[in-house]
Amino acid sequence: MSAIADHPGIDLVEPRGMPFATRRKLFLVVMAVPVVAYVLVVGIWPLAQGIWYSLYDYNLIRPQRTKFAGLDNYVEIITDPVSRQALINTAIFTIGAVFFELALGFLLALSLWRDDRFNRLALALILIPVTITPLVVGLIFKGLLAADYGMIGYFLAEWGLTDPRGLLADQHAALATLIFIDVWEWTPLVALILLAGLKALPADILEAASVDGATGLQKLRIIVIPLMLPAVLLALILRTVDAFRVFDTVYVATGGGPGNATNTLMLHAVKQGLEFFNIGRASAIANLTLIIIALIAAGFVMMIRHADRKANGK
Amino acid sequence: MHDIKGNHMKNADAAKLATAGLLACLMGSTALGQDKPFSGITLTIAAQNDQFAPVIAELAPKFEEETGATVKVDILDYGSLLTKTTADYIGDTEGYDLVTMDIVWAGEYAENGYSVELSELIERDAEEIDVDDIYPNLMMGLGNFEGKQVAFPFAGYANVLAYNKTRLDAAGLEAPTTMEEFVAAAEKLTDPDAGLYGFVANGQKGPASAQDWMQYNSEMGGAIMGEDGMPTLNSDANVESLKVYRDLFRKAAPPGAAGYDWGGREESFRQGVAALMQTWSVGAPGYYNPEISKVVDDVAITTAPHSGDMAPSYGIGGWGMAINADVSPEEQEAAWAFIKWLTSPEIHKEFNLMGAGSFLRKSEMTDADLLAKFPFLPVLAETFENGDYDYRPRIPEYPQIQDFLGTAVNSVLVGDADPKEALDAAQAQAEDLF
Amino acid sequence: MTAKYWFQAGRRAFLLTMLVFFLAPFLWLATTAYKPSSAIFSIPPTFAFSPTLDQFRTIFRLFDVWSLLRSSVLIATGSVILSLALGVPAGYALARSKSRYAMGIAYFLMAIRMIPSVAALIPFYLMMRDIGLLGSWMSVVLINSMLNSAFVTWLMFSYFRGLPPELEEAALTDGCSQFGAFFKVALPAVRAGIIACVLFCLMFSWNDFLYPMFLTRLESKPLSVALLSAYGTKDITWGTLGALAHFSTIPIVVVILFLNRYFVQGLTKGIH
């Protein structure tokens, strides 16, 4: 580097003369700034307004009645039985859906591990549910499970396997049915991510284990599962975040019913926000949802870093 | 906190609308392009996906030919329609020029001044419109709230009783005229082993279950609002009617009705599964259509029943057409011309012959062409003449009240909730709104 | 017969069962498009019907299907391009940066993807009104890209981290510009990862309902919004829904069929 570059004052007029490290830094900042700026303007700014709104009793249809409410909107989510049940339903839905998606997805990924023509075609076809508009997924199952004319619901009811009113109208089974629908829709994506994780496993370690006489199950437990953790956690985060915000399928399949048996936080928030334009309350529900998701995700991130360190430390 | 609703006082402009609208209806002959009064104007209608929507879209080119204004119809489901049009009004974004307004939104429209106030225009063009030919109940119900004409009626729906005459005859029954007879007949006509049920109503959570129950509730002497303008959701009459309704629903409705909204309910009747159904008249033309109906030769339609000890309470519903108050005076003028054109006797008759199922005028009830196609018109005439359009309160708070009721009724019908407890909870929520 | 044979047979049987499980519901909807409505509602359900194209005629009567398709394509491609243009360079920068803030920014961006749609929707609506973009497909692109670009950054961050920096360093020493090293050396090496990002963004933008429902107008309405209207309120119209679902599903399924191999490859490289 030339001696001129050592004079900070001249850097500005002659950027080429900057030390490489500075130019490198500048370049990387320029590459990263647009997305951060974009997200701040388009994402964080509206979100901040939402936080502001959530402190008011504010209905867009009746703006003249707006008044400061402090944390009332948040307190009401906890005390109002409808919101509280929505919170519980959402939690059950998320845990159930994510658990079954990971379990079934892992089985699928293991079955698809070998790279042959059949598996490649199977993977492509299995991905179809992921590509279908979620609203349509909800409607498909509403139609299939209808107790009177549904291809599945009719026979289930006829054989006495379900409530004659159908799975989606049975208050004890509706939430489980929605979990089932979510599993149908998203397991393929989980399988895809886990499959990618399997394919990323270093072949030499597996071979070495075979040479050492490890059985299939031992290989799975000692090598595959620990090395798969980053993939598992990616799937876990993606699915938890999305399952917690479930809206489309529930909206069309049950509308939150019977009673409030399948009411979820997002359904509740959308109704408050986009139906009644009660933006104070809607923002509060949405913000609370965001906080919960972020906390869960933060927990997962800790796990990722821990797993990362373990994987890299080897 | 800023008020996002701009201070638009465009309602006054409406009164100044030029008489060009009048021309629109008189112009039968095709004039040169530049002579057409609304050349270059595009009207966008937000329309509920009911039977009338595609018909409006099909008639639109004819309006364009006569007046030069292009009409585009955005067909939306109920939820999207409410959300998008409300956002359009409160954000002053002028997305839609004309909006189909559900009868129950009238209060909200009036309170917030979303739409052009039409009273003066109607008075001015009374002769051209032939106001006397329009049922007063429809003019009031589908557009007038506390003296403000927020929309112009174009699709009157009557709550009627559709029944499967063949099955009633076989059971030796007459069409029920009282709720007591209705309940008895429905139970008698139910034979689950044969897959036959006495009646069908909406069980799905939300507007579907709320609206159907409100209908039966008013026929059994219940009411949503008290004399003092406060909600009375948990009145004794309402609790009693919900009990009767729940028992009827469990005994005589197809099990799947727990998940039905209007579509499922109509289908159940058209497939011959349910023998009795109270419903909006807009679906009635479908029962006579062999492509979708299995009861073409069995169906009959009559006025809705009511409790024996009270005067008839026939439900009226339907849609008015509202002009967005935010759009320019020129567009408002073209929109008003379109409303007059669509509801004119000639076009409205064609509209119905094309399957809109949306009646409005007294003259339509005796029109030979219409009667030949829709033999049930006298029932509509009777309902429109004597009906009640306020059994679902058209107040600004209606959407929320409906939501509370939708959950309460559904949890009683489908869940195991106690009617009294469910309505108490709904009442407590509703009181918070006032 | 060896144990291995039976293991393979069992694996195939499991996959075939899964194929039926994942495909049958979709095939049911697709076939309703060719059924007369009497067959859709027959009790008990029937598998036999005489095919008809009436449902397709109905949707063309109700909707300007080509305009819906056009809007869907514009929204999806616009979102993919904007999200990648913003996210890929940022992912690279964060991966190569030695700053201790880099990791923090990456996680902050991941958190963006968690924002519930309804939280930002109304303020965003008013923002679009004020800059005159309300009702255009571009407004949907802008908000989709907010969620997608953050996610792309996060995903590409892990891809680039897995890519040894030596190649770029060599290129830089040979006199290549910094952007050149990124564009000509690093970018081709993460091609599969980029395709994975494209697919994620594509599926999200193509299928999203709430944003476009709220932000578009008739002329910019995409298929995902029209689907619910096709289902109807006063009539359950599985047939028209099935017919319209053809248009919303076939394009994306074709894309997935061709690109899913890169999907796996891309994720494989990104996971470590």
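**View 1. Contacts of Phe199(B) in the predicted model.** Leaving out residues up to four places away in sequence, Phe199(B) touches Ala186(B), Leu248(B), Ala252(B), Ala253(B), Ala274(B), Ala275(B), Leu276(B) and Met277(B); two residues are in contact if their C-beta atoms, placed from the backbone, lie within 7 Å. This is a predicted model, in which local features need pLDDT of at least 70 and side-chain atom pairs count only at pLDDT 80 or more, while totals for chains, interfaces and linings use all residues. Residues are numbered from 1 along each chain as its sequence is written, and chains are lettered from A and ligands numbered from 1 in the order in which they are written.

**View 2. Setting of Phe199(B) in strand β7 (residues 197-199) of chain B.** Helices (H or I, at least four residues) and strands (E, at least two) are DSSP runs, numbered from the N terminus. Phe199(B) counts as buried because it has 29 C-beta neighbours inside 10 Å; the cut-off for buried is 20 or more other C-beta atoms within 10 Å, with exposed at 12 or fewer and partly exposed in between, C-beta atoms being placed from the backbone. Leu161(B) is 38 residues from Phe199(B) in sequence, and their C-alpha atoms are 11 Å apart.

**View 3. Buried residues of helix α10 (residues 179-188) of chain B.** They are Met179(B), Phe182(B), Val183(B), Ala185(B) and Ala186(B). Their cover includes β7, α11 (207-219), α12 (236-252) and β8 (274-280) of chain B. Ala186(B) is also one of the residues that Phe199(B) touches.

**View 4. Leu227(C) and the largest nonpolar core.** This core has 339 residues, of which Leu194(A), Phe199(B), Phe338(B) and Leu227(C) touch the most other members. A nonpolar core is a set of buried Ala, Val, Leu, Ile, Met, Phe, Trp, Tyr and Cys residues joined through C-beta atoms within 7 Å. Neighbours within four places in sequence aside, Leu227(C) is in contact with Thr133(A), Leu135(A) and Val136(A), and with Leu241(C), Leu244(C), Ala245(C) and Ser248(C).

**View 5. Side of chain A that touches chain C.** Here 76 residues of chain A are in contact with 74 residues of chain C. Helix α2 (residues 20-53) of chain A gives the most to this side, with 16 residues. By class, the side of chain A comprises 57 nonpolar, 13 polar and 6 charged residues; Ala, Val, Leu, Ile, Met, Phe, Trp, Tyr, Cys and Pro count as nonpolar, Asp, Glu, Lys and Arg as charged, and the others, Gly among them, as polar.
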